[in-house]
2 protein chains.
Amino acid sequence: MATETTDAIIRATGRSLCEHGYADLTMQRIAEESAVTTAAIHYHFETKEELLNAFLDDLIDRFEREVVVDASDPRAHLTAVLDAVFAADPDDEFPVALMELKAQAPYHETYRQRFVALDERLRSVIETAVEDGIEAGHFEACEPAVVARFVTTAINGGHVRMVALGEAPADTRRVVEAYLDAELGWRPEATA
Amino acid sequence: MATETTDAIIRATGRSLCEHGYADLTMQRIAEESAVTTAAIHYHFETKEELLNAFLDDLIDRFEREVVVDASDPRAHLTAVLDAVFAADPDDEFPVALMELKAQAPYHETYRQRFVALDERLRSVIETAVEDGIEAGHFEACEPAVVARFVTTAINGGHVRMVALGEAPADTRRVVEAYLDAELGWRPEATA
């Protein structure tokens, strides 16, 4: 399924979603964003929902690649996760587009399934890094599943705060790092 | 400004937003939801943005009323705040409508101003309750502003989780209560 054409369509879907918003996302606009005809888009994706499912699947794949780092260092692993989720520029339209899709989840079970999968993946990566860190003696004893849920909820909150309030992701990152420091004795690398 | 007519229009705006979503919200639909003509709506509110500003102002007013409780008991105060923010039913469409408006904030400075005001109010109420509780010897010493930011971020996260994942608000409330317990030695009233 992942051919050059479908990849081009998926990337154009993301750009169109950012530019026009969910309500005004059409096959025609996606065709204009890509070098692909609407007929070719319809050949690969029957509906707007199928297109957005592919877009979300691609997002999950990219998240997986970003958080795969040398698991022998749980601190580096947690840092990689925080880098991945707090990377967005507040002026970037992608977080806004993603928030719009999240608001559609109650009406599209297929989107919801993908957001649930992404959430489970995020919590699992954090939980594993915390477990590994405790086992290796880097972190203080705690309940990794509780820490993972807490951090994930704060990450979700940071996403809304960036979109609704225009707040810098770094503000939420500091909140999360203070929490991890209190729970795990985990200090992020000092920055200048 | 707050007359019976404008109140009726504002309530109809909320219902229409829940029913049709932001993109399909029109003066006509709001008129159908209320006993007010589109001409009368236009007389009071020139644009959809003005209508939604009034809707958000009303939301802030209602939040204020819900969190005003006897401030002599900081525990009851915190409980009232948590009751107010975690009251939603996951099947309720209001949180979805609110999430849609939050996703519009980057394009509507007037919405953003109101979300910022609501956020500041929420953080201030929590911060004051924590300060009062420390002063009265109910809570352990901590940084009230840090606790308030943390709890507010988690509340924001709980809102997304309810909408995007269909998760019960009670799940986030437990996360917040565990955090408050760890920070303040604050145990919510035991429930059966």
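Contact means heavy atoms within 4.5 Å. Helices are DSSP runs of H or I, at least four residues, numbered from the N terminus.

This is a predicted model, where local features need pLDDT of at least 70, side-chain atom pairs count only at pLDDT 80 or more, and totals for chains, interfaces and linings use all residues. Residues are numbered from 1 along each chain, chains are lettered from A in the order in which they are written, and side-chain values use heavy atoms, leaving out hydrogens and water.

Back to the helices. The axes of α4 (residues 48–67) and α7 (residues 109–135) of chain A come within 9 Å and cross at roughly 5°; axes are lines fitted to C-alpha atoms over the stretch in contact, with angles from 0 to 180 degrees between N-to-C directions. That makes α4(A) roughly parallel to α7(A), a term for angles under 35 degrees.

Next, the two chains. The contact takes 37 residues from chain B and 36 residues from chain A. There are four salt bridges between chain B and chain A, each a side-chain nitrogen of Lys or Arg within 4 Å of a carboxyl oxygen of Asp or Glu. B:R149 forms a salt bridge with A:E167, with the closest N and O atoms 3.1 Å apart. On the side of chain B that touches chain A, α6, α7, α8 and α9 of chain B each supply at least two residues, and α8(B) gives the most, with 14 residues.

Terms used: Angles under 35 degrees count as roughly parallel, over 145 as roughly antiparallel, 65 to 115 as roughly perpendicular and the rest as oblique.
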